[in-house]
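Come along while I look things up one by one.

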Amino acid sequence: MNWKTFGALLARDAHVARRNALQLFLQTFLQPLMFVFIFGRVMVRSGYMPPQYKSLLLPGIMAISMVFTGVWAVAMPLIAEFQWTREIEDRLLAPIEISWLAVEKVIAGMIQAVVAGLVVIPLAWLLLRPGIDISVHSTPEFALMTLLVAGFSACGGLALGCSVNQQHIGLMFSMVMTPMIFFGCTYYPWSALASFPILQKIVLANPLVYASEGLRAMLAPQFPHLATGADLAALLFFDVLLLVVGLRQFAKKAIS
Amino acid sequence: MSIGIRIRDLRKTYHSAPPFAAGAGGFAPRGGKPAKQSKPQIVALDGLSLEVKSGEIFGLLGPNGAGKSTTVGVLTTRVRPDSGEVWIGDHDVWKQQVTVKRLIGVVPQRANLDFALTAREILIFHGAYFGLAAKERNQRAADLLEKFKLTDRADQMVRGFSGGMQQRLSIARAMMHDPQVLFLDEPSAGLDPQTRILLWNIIREYNQAGKTVLLTTHNMEEADALCQRLVIIDHGREIALGTPAELKAAIPGGFVLRLRFGNQTPDLLQRLQSLPGVREVKAADTTGADIYADRGGSLIPQIANLAVAVGVELHDVHISEPSLENLFLHHTGRSLRD
């Protein structure tokens with residue numbers, strides 16, 4: 001393992017992310033914050049939603065922002081760079097095993113996802129207050145949960161980015177990301193699906209369920225949620241699975 | 001320390017369209033029933049063996065699809081061969097990839113610059129990947145930008161660069177970590193004549209510092225001007241190997257006359273063969289003949305008379321002097337540009 005090269009690759013991604021910071025910011029936060037404003041503020045004040053909904057919504061919004069950021073940060077550059085431009089080749093020729101380049105992409109994506117998750121909390125809080133009841137009960141548990149969510153999003157980005165063709169990016173978002181978000185217990189707790197027993201079982205295959213439920217358990221434990229241990233175990237499982245799939249796809253794409 | 005390259009019995013068949021880096025089109029499909037195959041099999045390398053001596057400028061010459069870029073891909077860890085061995089110096093490329101990557105610099109056929117960075121940043125980050133200290137990489141980047149006449153655009157994003165500028169920057173990037181072996185895949189494609197000469201001088205200068213250079217080209221002039229030795233390949237196999245002078249001397253007679261008739265008969269070919277100075281006659285299609293001879297223009301009157309005598313019309317004559325192009329034609333019956 002060549003740490004100098006690894007650090008330089010990470011520095012390159014940080015440099016590019018800094019350069020595109022404003023664009024990344026708008027891309028990441030505009031949609032979730034508009035959602036927060038309409039559902040958490042407009043609908044609550046007009047009486048269509050109960051006031052507690054604000055606190056229920058916030059962990060879900062954090063999960064969406066993190067997953068969207070991680071997937072986007074890893075998948076989009078990979079899709080573009082592996083296809084038409086072949087830009088990634090200069091890094092494939094860097095003196096490091098190519099699987100470490102994939103790991104570097106995952107780490108960079110995780111950092112961006114964590115930043116997105118930690119930034120969206122105060123932004124949403126500002127939009128939703130007063131009457132929002134969230135707090136971190138156990139910082140190490142919260143940190144671990146956040147890291148696992150970030151890992152799932154970045155590893156998912158790696159797996160998707162190395163499997164999707166450039167012409168199918170739109171399809172990836174409408175066929176993968178959108179259903180994942182709507183059936184990911186982001187806007188409602190998993191227990192709310194009790195009256196749809198089959199759907200409630202099916203959504204357990206969706207890793208975002210564990211991200212939303214896990215963050216809900218960390219930030220707003222007053223609402224019903226899946227057991228923290230189950231969330232952590234499921235997220236770890238999906239992290240490893242997506243990383244293994246992603247590394248395999250990356251190697252396939254990288255070498256003809 | 002300078003190091004060479006060894007290739008032994010290299011084979012590669014693509015089971016889908018070859019990647020862009022391996023060139024496009026012109027591959028020969030294997031087997032007689034391409035329509036029935038759901039996966040096309042494209043043989044890019046068919047048992048190629050080569051030895052490039054340390055410190056030489058070596059050329060791979062061939063038409064599109066000959067296997068040049070695939071060879072470079074295998075040597076630079078980008079294309080995994082089906083079988084065979086490749087060595088850079090004492091290092092097996094596929095067993096010691098990281099060590100090999102430190103020793104080589106690669107200029108791909110089509111520029112693959114990092115579009116998220118400026119020209120200077122591309123060089124500096126490349127230096128950082130190879131572990132150069134900050135001061136050293138800044139200095140080297142500035143020197144290379146100057147050398148390749150890119151200083152005035154150094155701090156602009158490369159997205160807006162012309163093809164020639166991107167190509168120059170690709171070469172500068174490949175030299176950034178001072179590799180022992182430099183691979184250039186069609187380095188002067190798309191360059192204007194002035195830049196081409198600048199590039200040739202830079203390659204020669206790099207080679208004089210004791211570095212090994214392997215370049216691919218389908219440009220005869222470039223191969224002739226730059227390469228100390230070269231191999232001509234077609235369909236992934238070696239056709240001829242030697243210095244440009246040796247290869248040219250191997251063409252029978254030296255001159256090539258490509259003739260086109262109204263129609264061509266065996267009798268005509270036989271009588272052409274008996275003309276004084278003619279070394280070899282090869283039929284080309286149904287109406288043509290390629291004549292390898294000791295002389296060029298002075299044969300024309302005799303050929304014209306002979307055509308009249310046999311009763312066929314002479315439509316077209318093309319005379320060329322000894323060249324690598326003619327050598328390729330002699331071995332394959334095709335022009336390099338076909």
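**Entry 1: the core.** I begin with a term: a nonpolar core is a set of buried Ala, Val, Leu, Ile, Met, Phe, Trp, Tyr and Cys residues joined through C-beta atoms within 7 Å. Buried means 20 or more other C-beta atoms within 10 Å of a residue's own, exposed means 12 or fewer, and partly exposed lies in between, with C-beta atoms placed from the backbone. I looked up the largest nonpolar core, which has 162 residues, and found that A:Val149 and B:Phe183 touch the most other members. Helix H3 of chain A, residues 53-82, gives the most to this core, with 18 residues. At least three residues come from each of domain 1 (5-113 + 161-245) and domain 2 (252-321) of chain B.

**Entry 2: ground rules.** I note that this is a predicted model, where local features need pLDDT of at least 70, side-chain atom pairs count only at pLDDT 80 or more, and totals for chains, interfaces and linings use all residues. Residues are numbered from 1 along each chain as its sequence is written, while chains are lettered from A and ligands numbered from 1 in the order in which they are written.

**Entry 3: around A:Val149.** Which residues are in contact with A:Val149, leaving aside its neighbours within four places in sequence? I found A:Ala63, A:Met66, A:Ala211, A:Gly214, A:Leu215 and A:Leu235. Contact here means that two C-beta atoms, placed from the backbone, lie within 7 Å.

**Entry 4: where the chains meet.** I looked up the contact between the chains and found 21 residues from chain A and 26 residues from chain B. On the side of chain A that touches chain B, helix H1 (3-19) and helix H4 (89-92) of chain A each supply at least two residues. H1(A) gives the most to that side, with 7 residues. The residues of this side of chain A divide into 10 nonpolar, 4 polar and 7 charged.

**Entry 5: chain B as a whole.** Of the 338 residues of chain B, 44% count as buried. I found 11 helices and 15 strands in chain B; helices (H or I, at least four residues) and strands (E, at least two) are DSSP runs, numbered from the N terminus. The C-alpha trace of chain B spans about 80 × 45 × 40 Å along its principal axes. The centres of domain 1 and domain 2 of chain B, taken over C-alpha atoms, are separated by 37 Å. The domain bounds come from an automatic or database domain assignment.

**Entry 6: the sheet of 4 strands.** In chain B I traced an open sheet in the order E13-E14-E12-E15, with antiparallel pairing. Strands pair if DSSP finds at least two bridges between them. Why is one side of strand E13 and of strand E15 of chain B left without a neighbour in the sheet? Strand E13 (278-284) and strand E15 (314-320) of chain B stand at the edges, each with a single partner strand, so one side of each has no neighbour in the sheet. The twist averages 20° from one strand to the next. Strand E12 (residues 255-261) of chain B runs antiparallel to E15(B), and 6 bridges join them. B:Leu257 has B:Ile319 as its bridge partner in E15(B). Helix H9 (residues 266-273) of chain B packs on the sheet, touching E12, E13 and E14 of chain B, and its direction makes about 160° with that of E13(B). Angles run from 0 to 180 degrees between N-to-C directions, with axes being lines fitted to C-alpha atoms, for helices over the stretch in contact. Helix H10 (residues 300-310) of chain B also packs on the sheet; H10 touches E12 and E15 of chain B, at about 155° to the direction of E15(B).

**Entry 7: B:Tyr292.** I picked B:Tyr292, which lies in strand E14 (residues 288-293) of chain B. B:Tyr292 is partly exposed, because 19 other C-beta atoms lie within 10 Å. Its contacts beyond four places in sequence include B:Ile251, B:Arg279 and B:His330.

**Entry 8: the sheet of 6 strands.** My last stop is an open sheet of chain B in the order E7-E8-E9-E4-E10-E11, with mixed pairing. Strand E8 (residues 181-185) and strand E9 (residues 212-217) of chain B run parallel, joined by 5 bridges. B:Asp185 stands opposite B:Thr216 in E9(B).

Conventions:
Nonpolar A, V, L, I, M, F, W, Y, C, P; charged D, E, K, R; others polar.
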